[in-house]
Amino acid sequence: MKGGNCVNKLMSRSSYRIVTVICGGLLLSGCVMAEKYDAEKARSLNFQRLLAQEEKRTGELDSEVKRSKNELAEYEARNRELTAQVQASREEMARVQEEADAMKESALLERKAKADMKRARKAPPVEAMTDTMGQSASALGIAPKVPAMPGPTDSSPGSMGSPTVHVVKPGETLYRISRRYGITVDKIRKWNKLPDDIIEVGQRLIVGQES
C-alpha cells in the first residue's frame with residue numbers, strides 16, 4: 001500500500017510538472033506570436049507611410065512637370081514674338097538704309113551741281129565776250145559777224161508746239177523727272193542740250209511738247 005501511494009504521488013507530481021511545462025510553453029509561444037504580430041503590424045504601418053510619401057512625391061513631380069510644360073509653351077510663344085520683332089526691325093533698318101542711300105545720292109548730286117554752278121560763274125559769259133568782240137570790231141571799223149540762228153529741226157522742241165517746262169526742285173534727278181512725265185532721259189538731255197545728267201535746283205527743263 002505504501003508503495004502504491006508513492007507511485008501515485010510520483011505520477012501526480014510528474015503530471016503536474018508536465019502540465020506546468022506545457023502551460024509555460026503555450027504562454028511563451030503566445031508571447032512570441034504576439035511580438036511577431038506587433039512587429040509585422042509596425043512594419044506594415046511603416047510601409048503604408050512610405051507608400052503615402054511616395055504618392056505625395058509623385059503628385060508633386062507631376063505638378064512640376066505640368067508647370068514646366070506651361071513655362072516652355074510661354075517661352076516658345078515669346079520666342080516667336082521676339083523673332084517677328086527682330087524680322088520687322090531688320091526690314092525697317094533695310095528701308096532706312098535705302099532712304100539714307102537715296103539721301104546721300106541726292107546730296108552728292110546737289111554738291112556736284114553747286115560745284116558746276118561755281119565753275120560756270122567763274123567762267124566769263126559768252127554774251128559778254130561777244131559784246132567785247134563787237135565793240136573791238138566797231139572800234140577798228142569792222143562790222144561784227146552776227147552768228148546765224150539755228151533753224152527749227154524735227155528734234156527741236158519748238159517744231160511741234162509749245163513745250164512743257166519743269167522747274168527742278170531739291171532732291172530731283174533726271175531719272176525721276178523722266179519717270180514723272182513718262183519720257184526718256186535721253187530726250188530730256190537732247191531737248192535741253194545737256195552734256196550730262198547733272199541738273200541744278202531752279203533750272204527750267206523742257207519735258208514735253210503740247211500739240
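**Close-up views of a predicted model**

**View 1. The loop at lysine 193.** Lysine 193 sits in the loop between α4 (185-192) and β2 (204-209); helices (H or I, at least four residues) and strands (E, at least two) are DSSP runs, numbered from the N terminus. This is a predicted model, in which local features need pLDDT of at least 70 and side-chain atom pairs count only at pLDDT 80 or more, while totals for chains, interfaces and linings use all residues. Residues are numbered from 1 along each chain as its sequence is written, and side-chain values use heavy atoms, with hydrogens and water left out. Although lysine 193 is not a glycine, its phi is positive, about 55 degrees. Lysine 193 is exposed, with a relative accessible area of 70% (buried means under 20% relative accessible area, exposed over 50%, partly exposed in between; 1.4 Å probe, protein chains only).

**View 2. Serine 178 in helix α3.** Serine 178 belongs to helix α3. Its relative accessibility is 5%, so serine 178 counts as buried. Leaving aside residues up to four places away in sequence, serine 178 touches Ile183, Thr184, Val185 and Ile188 (contact means heavy atoms within 4.5 Å).

**View 3. The largest nonpolar core.** This core has 12 residues in all, among them Val168, Leu174, Ile177, Trp191, Leu194 and Val207. At least two residues of this core come from each of α3 (174-181), α4 and β2. A nonpolar core is a set of buried Ala, Val, Leu, Ile, Met, Phe, Trp, Tyr and Cys residues joined through side-chain atoms within 4.5 Å.

**View 4. Arginine 111 and glutamate 200.** Arginine 111 lies in helix α1 and is exposed, with a relative accessible area of 53%. Arginine 111 and glutamate 200 are 89 residues apart along the chain, and their C-alpha atoms are separated by 9.8 Å.

**View 5. Isoleucine 18 and the chain as a whole.** Isoleucine 18 is placed in helix α1 (residues 2-122). The chain has four helices and two strands, and along the sequence they follow the pattern α-α-β-α-α-β. Of the 211 residues of the chain, 11% count as buried. The mean pLDDT of the chain is 75, and 73% of its residues reach 70 or more; pLDDT is the predictor's confidence in each residue, from 0 to 100. Over residues 124-159 the pLDDT is below 50, and this stretch has 12 contacts in the model beyond near neighbours in sequence.
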